[in-house]
Amino acid sequence: HEAPRRVKRAWVIPPISVSENHKRIPHLLVQIKSDKQQPGGVIYSIKGPGVDEEPLGIFSIDKFSGKVFLNAMLDREENDRFRLKAFALDLGGVTLEDPTDLEIIVVDQNDNRPLFRQDVFTGRVVEGAEPGTCVMTVDATDADDPDTDNAVVRYSILEQGAGGMFSINATTGEICTARPGLDRETMGVYNLTVQAADMSGDGLTTTAMAVIYLEDINDNPPEFTKEEFSMEVEEQAVGVDVGKVFVHDKDLAGSPNWLAKFTILEGDPEGAFAIRTDPHTNDGVLSVAKPLDHEVRDRFELTVSVQNERPLEPTAPASPRALATMRVQVRDVNEAPVFRENPRRISVLEGTPPGTPVTTYTASDPDTRQLQTLTYTLLYDPADWLRLDPHTGTIRTKRELLHPSAFLQGGWYIALVLARDDAEPPLSATGTLSIEILEVNDHAPVLQTPAALLCGRPGRGGTLLLGATDDDRPPHGAPFHFQLSPQHPQLARNWSISRFNVTHAVLAVLAELPEGLYSLPLLLRDSGTPPREQQQLLNVSVCHCGREGICEDGVLAATAAGAGITLGALVIILGSSILLLMLAGLGAARVRGRRRALRKGLLQRSRDDLRDNILNYDEQGGGEEDQDAYDINQLRHPELFSPRVKPPLRRDAPLSSATPLAPRKLPSGPSDIEDFINEGLEAADSDPSVPPYDTALIYDYEGSGSVASPLSSIISSLTDEDQDYNYLTEWGPRFRRLADLYG
């Protein structure tokens, strides 16, 4: 290591101070020199900010004398010091000295005013605040050297209006209340001019505005603008506004401290009026809550109080409660008539004769202080059943109204009566008259069907369920009472009747009875007041019983059953119905299959000849009893029955010019049907006056007669000797009864 070399004092340069804003330019700052060479043999230079770095050209040096000059004004707020390097070289450019530091310090001057952070400061404080209540803080800054008095700022209030209500801390800029008595209603806004000065208050100054708003508190109760208010309203008006009462409140408009609340203290015990607050004007609005009647009360005197929605502050001065009187006059108007009983309900017996008084249905006019006359009309009388006296309101029957009727609703007849006064303009009211048509027991119960079939063996199968109906409504209908006629006590040996429910009874066989038709006189009675009864015949067909207590000829029994039916007969009916449906379905399927095959064959044959053809359909014959009818084989094989067959004529050949044949004579017997058809075919082919392949032919001729009987013989032959029914015995047990009856 080399030992430290001794540096000469002439080459060590202490810091140089220069004031900012120095105006004498150029200004000599310092002279540097090296003693390594004789004067004139050294070249000096400097480098650094202000020389060859930004900002350029502020400093310069005389390279031969070493004098350093200031060439421009300095601003401490931009650069408070410059650090340069000084160099010493000989004339050949060889370094004579190590580079040395040259520090230039810019001395501050008070050339910057304090600046507030904003032009206007805003603060709020409630009215009535105690002294010393701080509102806001204003602050300012100074760009000068903070270590000097140039940047020491002090605050003050230059102007605040009369009263001196606020003070400011000179050091911190905090503004507080200075004395009591802040009242928003007196002055709501304070505008303060505040000042900031440097040099501890003796230097440069600047100003700003401080705006202080007083916040409202509820320290003023509302007051009526006058003690009495008068208004009027029409009677019977509901929900309408009668008038307003006006109040004044010094507190902030629109705030809860200002909003009023009204109360009716006296004069309205029935609650006929209501009062509310208009949120925009703060006035009290009186309205009608219940209908007013001029005839009952024509004037009201209401005592009304007012207070704020929010309670008063404890610091507010005490004051009595604000009261006012509202005088309301009720004007008389024409009112509509009123039916005091609406609807009117009355009862009238069924079948009441015409002219019978029903009721007197009148209305009353609320306008007791006006002389008015009421008239009445029927507004709704759908059956035209009533007659109304237009002056007295008396209602009578015009015609007899029977039950049941399409104009009755659940046994009630509804009519509407209109009452009208003679005021100008007239008013009317509608009353509803509900007339109950009381049922009269004028019908006796009737068997549902007076014929039945049952097994003639006691016990299982020997019972029958009977039913009855009654045209009367309750309580003159069910329950019904069934019994054997008391005039024929011998019936009780073989028959009994027991109650099943309110409308049905069970007829039972007590002893085994022979087959046959029995006529049982029954007595049926209803539950009306007085009860109605009548005797009716029940025709009971007693059948042959099977093992299960079921009539063996159940199909015939089912067709004859009416008022009652046994379980066995019901099973037989259901089974027969299912069998018939299955047979019908099979037949329909077979017919559809034949039609498809036939349609397919027709389409195939129609490809060669599209003209009419005589087709071969399935024939069913003439029936079991009609085997001697006309033999259809004559049409199937005409060559076997007629030697006069002509060769078929080609129907696709050109029409001949032969004259049409004269009208043909119908054949006299079944054997000449072939000739009849062939002649018709030849006439169609030879007639040039009709379209091809078309003619008016007769196809429904079946001959001059038939050995078969006409269809009417089925119902016209009523004697047993006309038919032979012995073959019914061969049809099985189900037709045995018919064989016994007709064989």
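This is a predicted model: local features need pLDDT of at least 70, side-chain atom pairs count only at pLDDT 80 or more; totals for chains, interfaces and linings use all residues.
**Entry 1: a residue pair in a sheet**

I started at Glu 266, which stands opposite Thr 303 in strand S24. Residues are numbered from 1 along each chain as its sequence is written, and side-chain values use heavy atoms, with hydrogens and water left out.

I then looked up how S21 and S24 (residues 299-308) run together: they pair in the antiparallel sense over 6 bridges. Strands pair here if DSSP finds at least two bridges between them. Strands (E, at least two residues) and helices (H or I, at least four) are DSSP runs, numbered from the N terminus.

**Entry 2: the whole sheet**

Which order do the strands take in this open sheet? I read S18-S25-S24-S21, 4 strands with mixed pairing. S18 (228-234) and S21 (260-266) are the edge strands, each with a single partner, so one side of each has no neighbour in the sheet. From one strand to the next, the twist averages 30 degrees. For such angles, axes are lines fitted to C-alpha atoms (for helices over the stretch in contact), and the angles run from 0 to 180 degrees between N-to-C directions. As a reminder to myself, strands of a sheet pair through backbone hydrogen bonds, either parallel or antiparallel.

**Entry 3: salt bridges**

Next I looked for salt bridges, meaning a side-chain nitrogen of Lys or Arg within 4 Å of a carboxyl oxygen of Asp or Glu. The count comes to 19 by this rule.

I use buried for under 20% relative accessible area, exposed for over 50%, and partly exposed for in between (1.4 Å probe, protein chains only).

Arg 299 forms a salt bridge with Asp 298, with the closest N and O atoms 4.0 Å apart. Asp 298 is partly exposed at 23%.

Arg 184 and Glu 185 form a salt bridge too, at 3.3 Å between the closest N and O atoms. Arg 184 counts as buried at 16%, whereas Glu 185 is partly exposed at 24%.

I also noted a network of salt bridges that links Arg 76, Glu 77 and Asp 108.

**Entry 4: a strand residue elsewhere**

I picked Ala 452, which lies in strand S34 (residues 451-455). Ala 452 is buried, with a relative accessible area of 3%. Its C-alpha atom is 9.0 Å from that of Leu 466, a residue 14 positions away along the chain.

How many residues does helix H4 have? I found 14 (673-686), and H4 reaches 20 Å from its first C-alpha to its last, close to the 20 Å expected at 1.5 Å a residue. That expected span is 1.5 Å times one less than the number of residues. The buried residues of H4 include Ile 673, Phe 676 and Ala 684.

In helix H2 (residues 567-606) I looked up Leu 579, which counts as partly exposed at 49%. Leu 579 forms a nonpolar surface patch with Leu 580, Leu 583 and Leu 586, about 440 Å² of accessible area together.

Note on methods
Patches are made of residues with over 30% relative accessible area and no salt bridge: like charges are joined within 9 Å, nonpolar side chains (Val, Leu, Ile, Met, Phe, Trp, Tyr) within 5 Å. Accessible areas come from the Shrake-Rupley method with a 1.4 Å probe; for residues, only the protein chains shown count as cover.
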